[in-house]
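Load the model in a viewer and keep the selection panel open. The stops below go from a whole chain to single residues.

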Amino acid sequence: MRRLGILELTIVLTLLAASFGQNPSYQSDPDWRPPDEAANKTNPLARKPQAVAGGQKLFLRNCAECHNKDGSGILKKHSADFQLAAVQQQSDGTLFWKITNGNPDHGMPSFSKIPELERWQLVLFLRKLKPPSESPTQP
Amino acid sequence: MRWIVLLFLFALSGVACLAQESPYFVTYNHHMEEPGNLEIEVSSTTDVPRSGQRFYFAPWTELEYGITARWTAELYLEGQSTWNDSTIFTGWRLENRFRPLKREHRVNPVLYLEYESINEADRIQKELEGGAPDVSSPNSLLRRIKDHELETKMILSSDIHDWNLAGNFIVAKNLSRSEGFEFGYSLGFSRALATMASGSNCRFCRENFSAGMEIYGGLGSTLGFGVKDTAQYAAPVFAWMISDNSTVRFSPGIGLTHDSSPALFRFGYSYEIQGFGSKLSHLFGGKP
């Protein structure tokens, strides 16, 4: 019984420590919406899963500082948790538009300086970001 | 002193950093420094002198910080060394760039305001306005002439199919002397050599290179507008991202008028520290 108590405490503390750096409470800015035309764009690399590796490299270079290496977001930076359904349910076009335009008044810079296909590679990689319990799906 | 060393070492410990730098030396586009990032750049301008002029080397250090996603500030420290003359500190400048529009548009404006405290020996030629700079007089004479200038720029920039097109119009006012308002311009275009990232961490992949062209020069002043007696240059520009956080840039410029140097060579190395602001805040026990 005592051993179980220590185990439970360890799990709770581990979860607390893990959640401290993440941002599971992230809520999307309701005013940060793309026009319909942009939201309906499809990813031209959707049939090129080999482009994901490049997307991961770009993610680590450009995004991980604020969104964590696993995309779970950082609470103190109020950055999006890409593993959340609220993010994953957004269309490819929406994610592309958000990367391109940023949300400067909420700290997210525009990344339009990254070439267009590289931004689509980022979208491709974002689709791979799921909570550790879920298996990754094909893009 | 201990704090400064510690701070510097701590700042350099940031590894995963961003440096997708524009290859331009003179032209500004609408891409701002990411908020909280600090970019340290060491650059230089050298020329091929005309007969009767002396070769010079003008280095400068640039500290660029993203205050917000729409506001970037930069501090420049400048010097100059002339062959068979002397090596001197020529001054400093503080600039601010502000993006008035939240979203990306076909043409993106940026407002620019700069204060310069330099002397006439300054030769970095980061921008050209008014007439051609004096590259013939000795440093001992030029360094005594102080300039306090206010400068504004209207920056217009577009990203079209992975090409960046940018134009700057400069208005400068020397507060130390009545020279009227001086004008200048710069135009540039550039593009990354590859538009998709490979999965490997390669240094020599095309995706790490970008190239383009700049044209810049003075446009006289309210006392005499035009390109007469001004320096004008056309300069190819190249950038190589040698790692995730550092970039090397090079630009060989060709003088287009008699008042220009026959050639200007610019070389720059930049190192970006991501999350510098929060690291600094954390170091002093503040809330990031």
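A residue counts as buried if 20 or more other C-beta atoms lie within 10 Å of its own. The model is predicted, and by that cut-off buried residues make up 41% of the 139 residues in chain A.

**Stop 1: chain A as a whole.** Select chain A and colour by secondary structure. There are 7 helices and 0 strands, so the order of elements from the N terminus reads α-α-α-α-α-α-α. Now consider the contacts in chain A with a separation of 6 or more: 69% of these join residues 24 or more positions apart.

**Stop 2: the side facing chain B.** Show both chains. How many residues of chain A are in contact with chain B? The contact involves 28 residues of chain A and 26 residues of chain B. On the chain A side, the elements that give two or more residues are α3 (52–62), α4 (64–67), α6 (92–101) and α7 (116–126). α3(A) supplies the largest share, 7 residues. By type, the residues on this side of chain A divide into 11 nonpolar, 9 polar and 8 charged.

**Stop 3: α3(A).** Select residues 52–62 of chain A, which form α3. Is this helix enclosed or open? In α3(A), 9 of the 11 residues are buried, so the helix is largely enclosed by the rest of the structure. The buried residues are A:V52, A:G54, A:G55, A:Q56, A:K57, A:L58, A:F59, A:R61 and A:N62. They pack against α4 and α7 of chain A.

**Stop 4: A:G55.** Stay in helix α3 of chain A and pick A:G55. Why does A:G55 count as buried? A:G55 has 25 other C-beta atoms within 10 Å, and the cut-off is 20 or more. Leaving out residues up to four places away in sequence, A:G55 touches A:Q121, A:L122, A:L124 and A:F125.

**Stop 5: α6(A) against α7(A).** Select both helices. A general point comes first: two packed helices are described by the angle between their axes and the distance between the axes. Here α6(A) and α7(A) pack at an angle of about 125°, with their axes 9 Å apart. That angle makes α6(A) oblique to α7(A). The crossing of α6(A) past α7(A) is right-handed. Show side chains for A:D92, A:L95, A:F96, A:I99 and A:T100 in α6(A), which meet A:R119, A:W120, A:L122, A:V123 and A:L126 in α7(A). The residues of this contact divide into 7 nonpolar, 1 polar and 2 charged.

**Stop 6: the nonpolar cores.** Which residues have the most contacts inside the largest nonpolar core? They are A:F96, A:L122, A:V123, A:L124, A:F125 and A:L126, in a core of 25 residues. α3, α6 and α7 of chain A each give two or more residues to this core, and α7(A) gives the most, with 6 residues. Centre the view on A:F96: with residues up to four places away in sequence left out, A:F96 touches A:K41, A:R119, A:W120 and A:V123.

Definitions and conventions
Residues are numbered from 1 along each chain as its sequence is written. Chains are lettered from A and ligands numbered from 1 in the order in which they are written. This is a predicted model: local features need pLDDT of at least 70, side-chain atom pairs count only at pLDDT 80 or more; totals for chains, interfaces and linings use all residues. Two residues are in contact if their C-beta atoms, placed from the backbone, lie within 7 Å. Helices (H or I, at least four residues) and strands (E, at least two) are DSSP runs, numbered from the N terminus. Ala, Val, Leu, Ile, Met, Phe, Trp, Tyr, Cys and Pro count as nonpolar, Asp, Glu, Lys and Arg as charged, and the others, Gly among them, as polar. A residue is buried if 20 or more other C-beta atoms lie within 10 Å of its own, exposed if 12 or fewer, and partly exposed in between; C-beta atoms are placed from the backbone. Axes are lines fitted to C-alpha atoms, for helices over the stretch in contact, and angles run from 0 to 180 degrees between N-to-C directions. Angles under 35 degrees count as roughly parallel, over 145 as roughly antiparallel, 65 to 115 as roughly perpendicular and the rest as oblique. A crossing is left-handed if the near helix is turned anticlockwise from the far one by less than a right angle, and right-handed if clockwise. A nonpolar core is a set of buried Ala, Val, Leu, Ile, Met, Phe, Trp, Tyr and Cys residues joined through C-beta atoms within 7 Å.
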